Amino acid sequence: MTASRHASFDRAYPDVSQPGVAGSGGFAHYEVDARFYDEMFREDGTLRGVSRRLGTALSRASPEDLAQLQEGVARRFIHEGITFTVIGADEASEQIIPIDCVPRLLTADEWDHIDRGLRQRLTALNLFLRDIYHEGRSLRDGIVPPDLVLGCPQYRVEMRGLQVPNDIYVSVCGTDVVRTHAGFAVLEDNLRVPSGVSYMLACRVAMKQAFPRLYRAHNVREIARYPEQLYATLASLGSWAGTPRVAVLSPGRYNSAYYEHAFLAGEMGADLVEGRDLVVHDGIVYARTVTGLRRIDVIYRRVDDDFLDPVTFRSDSLLGVPGLFHAYRAGNVVIANAPGTGVADDKAIYAYVPDLIRYFLDEEPILANVETHLCRTREGLAYTLDNLDRLVVKEVGGSGGYGMLVGPHSTAAERDRYAARLRSHPDNFISQPVLDLSRAMCFVEGNLEPRHVDVRPFVLRGRSDTWIAPGGLCRVALRRGGLVVNSSQGGGCKDLWVLRDGQVPD
Amino acid sequence: MLARAAADFYWMGRYFERAEHTARLLRYQLARLVDTPAGELAVGWRVIYRALGQSAPITPTVTDEAESFLLADAYTLAASLVEETTNPDSIIRCWTTARDNAKQLRPWLPVRVWTCLNQGFFWLRDCDFPAAWATGPAGLAGEATDRLRLLAGVVEARMPRDDAWRFLELGRFVERLQHQAALLDAWDRIGQAPGDAPSLSWAGLLRVCAAHEFYCRTHSMVIRRGPALAFLARNPELPQSLCFAVHRIEKLLAGIDPRGARYPLAAPHRMVLRLSATVETDPANQNDAEGDGGSFEALLKDSRALHGITVSTYFDYPVEAGLPS
């Protein structure tokens, strides 16, 4: 697809005197369900103000037009290698993340609310991480049970007492935000190695090509500065005589997010390194170049703590760099995010984040948490076991949608098996109600239909500034009625347009 | 530049050159299926496999039955060089491995280069070899050559002349030097036979090397062994000549490691000077019309040594050797 091959319905100012209505015309297959907040339509089936222009244009689009657009986007992703690797039983295969060609829209006010909530949350989480690796006030004061923190597999005793540059433990964060009729809420904080930002940027490029006129007319806030901001954030974490040399540490090309590692390194002008490219000599980290060893100042690591350094963490790690943690402790290299941050995105700790915000910031949380029951407590376990068919149960250290039970979609046998696991290791689980995730318009199987969505905005925290890309990876549960948005579980993604001035003038 | 990335560029260049060389030889051989006697075709297959350093899956025969098996043999032999994934030097394997190298080079590789490379890979991977054979055996090799040349053109147009480009080119020309030396050697040793036995023509060698027209224009329409070999070894204006490859390697090394080009010379620079001297000093009695079975062995040996020295100097050096002074 090229910029010159525009869809016929891509008009900057479509005739909005006859806007589309859910359930008729171009939206014949779109059914508004009052149980779920609909991002596109009001409950009476008319377009929301923010969606009026986009919806009107889409109502005039033929399924063939949209299919052609969708196919063009997919083809472009394949040819440009915007893929993730799936490791099968026999071999690794490359797949593209399914992209939906209908953007989701948010007004400036809605985004402002999310933006303030995320800043507040990340500030509190950084203070919490500093606290648990130093004084431990929040543990002594009973804000979070000490055994929950100290017993967490992601708690790194090696970080105790270590002065992290500028007290910034989490520089890069991807927080999953959902919307229900009650408003926005945080579903999960990803503080270790959050991924997906490259798909957010690639989606945006694809949408600009697909809807150039509509895009321009919507006055959408730009997200293209993310790599530049990421570099500035990483460079701000230390004090350097000259320009710091930044490297992106990747597990290698078989990692599912390898494209993203390569993309970010390329956009930042950083070295894309693997463990074997780095050596530590006299406490200094060097990269092997063709003209000898060159010092590395900042490592944006996309490798889990366990594998960072075989001398300090898992001795069987082939992905890490022997002696890296020693160099880090000596203050000779900055690692972002800092080792040991995973404790703060543990799903059990998540339940305490609102209390942590109140404790550290003396503020009320701007973004709500999802109601969470800790199975490690007697009441939490009993409630979860009594209501398995109505709850979502997750492992506290799980990710990617793996190892969870979605009660209403499970069989009695599955629930029995899960209950046995719960009883034997209650500490390992939390439960949450099944959320009425909002729905957005998607082009699926030749029709415009609603699907459940969430969004993962990306937050960067530098020495003196916090920057949030005004957009995010909007994840879509592509299966009809499905609630799991993870790409590993059949989810896709779409672009999120954050508008500059709230409503689009009609 | 990161040593591993440089190594990946170097290998990517080598694999693409290898694929293009194979495609070029195949294009020549398959185009001759129409009218060339079976015995001569059999010699052609032997020369190709020998030049590529591979053993043929079947032995092409020069006996009387050869005519009946001509197409079947050609199909088997060509398939092994194009689509056989178990053959590490087949075109599909070269392309796949080069793409694997390229995947690790995304931060350094312009998007257009990657896209061109990737589209070529998908074309080859999804190619129906039997169907392509049915429509014209030489067409597939021709298309592969054209796509590889398109890629070379996009590289030429899009890549800055930095170390990434230099290592890519270095890989290409080291590979070219080795392949051309092996081709001249094989053509000279087993492509010729005394008396009436089937032989390959010297004009054919010039055609394979895209040098026939240039030779006729600058030398003569009468093509003999000595001048033809000398032309392919020493003409500095012919991209497929040994001399051209050696000079390019010399220039690329000077860009990669300017200090190594000053005395005392670094090991790769020293080796390339030696190669240059060998090319200039008649490696296979090129002035002899008949030849004496001499070969390009010394040149081949030195070009392989150059590869080893390049790897140990720029990619796999000991840590102590790389520490800043």
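Me: Which residues does Trp202(B) touch, not counting residues up to four places away in sequence?

Reply: First, the ground rules. This is a predicted model, where local features need pLDDT of at least 70, side-chain atom pairs count only at pLDDT 80 or more, and totals for chains, interfaces and linings use all residues. Residues are numbered from 1 along each chain as its sequence is written, while chains are lettered from A and ligands numbered from 1 in the order in which they are written. Two residues are in contact if their C-beta atoms, placed from the backbone, lie within 7 Å. By that test Trp202(B) touches Ile223(B), Arg224(B), Arg225(B) and Ala228(B).

Me: Is Trp202(B) buried or exposed?

Reply: Count neighbours. A residue is buried if 20 or more other C-beta atoms lie within 10 Å of its own, exposed if 12 or fewer, and partly exposed in between; the C-beta atoms are placed from the backbone. Trp202(B) has 24 others within 10 Å, so it is buried.

Me: Which helix holds Trp202(B)?

Reply: Helices (H or I, at least four residues) and strands (E, at least two) are DSSP runs, numbered from the N terminus. Trp202(B) is in helix H9 of chain B, residues 202–208. Val319(B) is 117 residues away along the chain, and the two C-alpha atoms are separated by 50 Å.

Me: Which residues have the most contacts inside the largest nonpolar core?

Reply: Nonpolar side chains tend to be buried together in soluble globular proteins. A nonpolar core is a set of buried Ala, Val, Leu, Ile, Met, Phe, Trp, Tyr and Cys residues joined through C-beta atoms within 7 Å. Here the largest has 252 residues. Those with the most contacts inside it are Ala247(A), Val248(A), Ala336(A), Ala6(B), Phe9(B), Ile91(B) and Ile249(B). H1(B) gives the largest share of this core, 15 residues. As for Ile91(B), the residues it touches beyond four places in sequence include Ala19(B), Leu81(B) and Leu124(B).

Me: How many residues does each chain bring to the contact between A and B?

Reply: Chain B brings 21 and chain A brings 20. On the chain B side, H5(B) supplies the largest share, 5 residues. That side divides into 12 nonpolar, 5 polar and 4 charged residues. For the classes, Ala, Val, Leu, Ile, Met, Phe, Trp, Tyr, Cys and Pro count as nonpolar, Asp, Glu, Lys and Arg as charged, and the others, Gly among them, as polar.

Me: What is the domain assignment of chain B?

Reply: Domain bounds come from an automatic or database domain assignment. For chain B it gives domain 1 (1–159) and domain 2 (161–325). Their C-alpha centres lie 21 Å apart. The contact takes 31 residues from domain 1 of chain B and 26 residues from domain 2 of chain B. H1(B) supplies the largest share of the domain 1 side, 16 residues.

Me: In what sense do S8(A) and S9(A) pair?

Reply: Two strands pair if DSSP finds at least two bridges between them. S8 (residues 278–281) and S9 (residues 284–289) of chain A are antiparallel, over 4 bridges. His281(A) stands opposite Ile284(A). The hairpin has 2 residues between the strands, and Asp282(A) takes a positive phi near 50 degrees.

Me: How many helices and strands does chain A have?

Reply: Chain A comes to 14 helices and 23 strands. Of its 506 residues, 50% count as buried.
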